[in-house]
Amino acid sequence: MSHQHLLTFILSFSLCMVALVGCKKKNPVTEIAAGQSGISVVETDLTDLADGWHQWRGFSGDGVAPDGEIPVTWDPASDFKWTAKIPGRGHGSPIVVGDLVVVATAVKSDDQFRMLAFDRESGQAKFDTVIHRGGFPNPNDIHPKATYANSTVAGDGKYFYLATFNNERVYVTAVDTVGEIVWQNEIGRFVSKFGYAPSPVLYKSLLIVAADNGGGGYLVGIDRISGEIAWRIARGNVDTYSSPVIANIGGRDELIITGGDQMVGYSPESGEVLWQTPCISEATCGTAVVSGNKIFASGGYPDKETVCISEGKKVWSNRTKVYEPSLVTDGVHVFAVSDDGIAYCWRAEDGQEMWKKRLGGNFSSSPLLCNGNIYVADLSGNCYVFAAKGDGYEQIAKNRLRDDCYASPAVASGRLYFRVGLGSGDSRQEELICIGEAQTNADE
C-alpha cells in the first residue's frame, strides 16, 4: 500500500469511527409533558424535615443551617460522639432524617452500589441495602478524582431516594426506613465523560433529578410514591454536573440549575422553562444559591465566572472560578472557597469584593453556614471555621477530621456529621463521624 493510500485509509477509517461513536453516543430524549403522564403534583408538608438535613445542602438546598449550638472547635481524640466505618467509596454527603444518618457508597470489589443507614444517636448500623449488583461504568468514563457514588441521598421521612449511574443508564431507587427497596425506575440513558454527580431534590410530591450528559441530557420529575415519571424535558448534549435547587422567588417556585453555558429557571411542577440567562461555562459542578430575588453561582470549565442573576438578568459578575464547591450566602454577603484554597467574600448587592484569603490546600467540599460561622473541609482532612462577615477574614478555628474529606457536612440537633477518609490508595477506609459529645466507637 502506497503512503498516499495508507493516509487515505487511515483518514477514512478515522472518519468512520468518529461517525460510529457519534451515532452510538447520541440518545434522543423522549420528553414527557406534565399533562401527558396523568400524574398529579400534590402539595406535601415537608416542614418536619427542617430540623434535620434531608437532602444535598440541607432543607433549603443552600448550605445554611438553622442557628443553634454546634461545635466550633474539636479534638478527634475526645470530641467525636461516634464513628462508623463505610465500605467502598463515595463523595455523596450524609443526610439526617428522623433517627437515621444515611449515605450511599459504591463497593467496586463486590460490584455493588449500596445505601447505608446509621442510628443518629449511637452510630450503630441500621441497614445496608444493595441498590445494584454489577453494571459499574467503565473506569475510563469516571474522572480519576471522582467515585461511582457521587450523589447525595434525599429523604422525606418515609422513603430515601438515590440516583445512580448503572448499565449506561440513570436509575432512581426508593428505599424505606428499614432498608427495603420500594421501587426502582430507569429515567434515561447516560453517556459518561467523567461520571454522574447530581443529587435529587424534593418538591411537593415529586423528586426531581438532573442528568446532563453529552449523549442527551434531561431533567425529570418523578412521583415519590410510585416512582413513575411525571414529566421529562431535554437539556441538550452537554457534559455538566450541577444539582438543581428549588427556591420561591417573587412568590413563584423555581427550579434552578447551571450548565451548558447558561443558568435556567424551570417550573418544578411541570418542567416548563421560565427564563434562561447565558453565563458561567459549559460545565459546572456547584449548586446555585438564592437570597430574596437574587441567584448566585460560579464555575466552571472551560470558562470561569461568578454571577448574580435576578429576574433572568445578570446583575453582576466577575472572573472568579469556584468549580466543585458551591457558594453560600447570608443575604448580605456571598462567601466561597475555591478549589485551590482561596476564600472569597463579595457584597451580595453589587458583587464588590470585600476580602479574599488564601487558606492553602485544595477543596471539593461545599461550605456550611451556621451561627454566623462558615465551616468548610479541605482534601487533607482539615475543617476551617471562619466568621461570615464582610470586614475581613477572621478564622475561628482549624480542626482536624481525618486524612481527607471530599463530601460536604450535615448538621442536625447541635451535631456535625462528616464523611471522611483514613489512609490512602488501596488501604483507604471511609468513615462517618458525628461531632458533638464524648467519643464512642459504633463499630465495636
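Biologist: Two strands pair if DSSP finds at least two bridges between them. With that rule, over how many bridges do strand 19 and strand 20 pair?

Modeller: Strand 19 and strand 20 (residues 305-310) pair over five bridges, in the antiparallel sense. Helices (H or I, at least four residues) and strands (E, at least two) are DSSP runs, numbered from the N terminus. The model is predicted, so local features need pLDDT of at least 70 and side-chain atom pairs count only at pLDDT 80 or more, while totals for chains, interfaces and linings use all residues. Residues are numbered from 1 along each chain as its sequence is written, and side-chain values use heavy atoms, with hydrogens and water left out.

Biologist: Which residue stands opposite Glu305?

Modeller: Glu305 in strand 20 has Gly299 opposite. Five residues make up the link of the hairpin between strand 19 and strand 20.

Biologist: And strand 18, how does it pair with strand 19?

Modeller: Strand 18 (residues 289-291) pairs with strand 19 over three bridges, again in the antiparallel sense. Val289 has Phe296 as its bridge partner in strand 19. The hairpin of these two strands has two residues between them, and Gly292 takes a positive phi near 65 degrees there.

Biologist: How many residues of strand 19 are buried?

Modeller: Six of the six residues of strand 19 (residues 294-299) are buried, so this strand is largely enclosed by the rest of the structure. Buried means under 20% relative accessible area, exposed means over 50%, and partly exposed lies in between (1.4 Å probe, protein chains only).

Biologist: Which residues lie on one side and which on the other?

Modeller: Lys294, Phe296 and Ser298 lie on one side of strand 19, and Ile295, Ala297 and Gly299 on the other; both faces are covered. In a regular strand the side chains alternate between the two faces of the sheet.

Biologist: Changing topic: how many helices and strands are in the protein?

Modeller: The protein has two helices and 33 strands. Its radius of gyration is 22 Å, close to the 22 Å that the globule rule gives for 444 residues, so the protein is as compact as a globular protein of that length. That radius is taken over C-alpha atoms, and the globule rule is 2.2 Å times the number of residues to the power 0.38. Along the principal axes, the C-alpha atoms fill a box of roughly 75 × 55 × 50 Å.

Biologist: What percentage of the 444 residues count as buried?

Modeller: Of the 444 residues, 57% count as buried.

Biologist: How many residues does the largest nonpolar core have?

Modeller: The largest nonpolar core has 39 residues, and Met115, Phe160 and Ile187 have the most contacts inside it. Its largest share, six residues, comes from strand 7 (residues 159-166). A second, separate core has 33 residues, among them Phe80, Trp82, Leu368 and Ala410. A nonpolar core is a set of buried Ala, Val, Leu, Ile, Met, Phe, Trp, Tyr and Cys residues joined through side-chain atoms within 4.5 Å.

Biologist: Is Ala125 buried or exposed?

Modeller: Ala125, which lies in strand 5, counts as exposed at 59% relative accessibility. Leaving out residues up to four places away in sequence, Ala125 touches Ala117 and Phe118; contact means heavy atoms within 4.5 Å.

Biologist: And His54, buried or exposed?

Modeller: His54 is buried, with a relative accessible area of 2%. Its place is in the loop between helix 2 (34-37) and strand 1 (80-86). Not counting residues up to four places away in sequence, the residues that His54 touches include Phe59, Ile95, Val153 and Leu202.

Biologist: One more: in what order do the four strands of the open sheet come?

Modeller: The order is 14-15-16-17, with antiparallel pairing. Strand 14 (245-249) and strand 17 (273-278) stand at the edges with a single partner strand each, so one side of each is left without a neighbour in the sheet. Five bridges join strand 14 to strand 15 (residues 252-258), and Ile246 has Leu255 as its bridge partner in strand 15.
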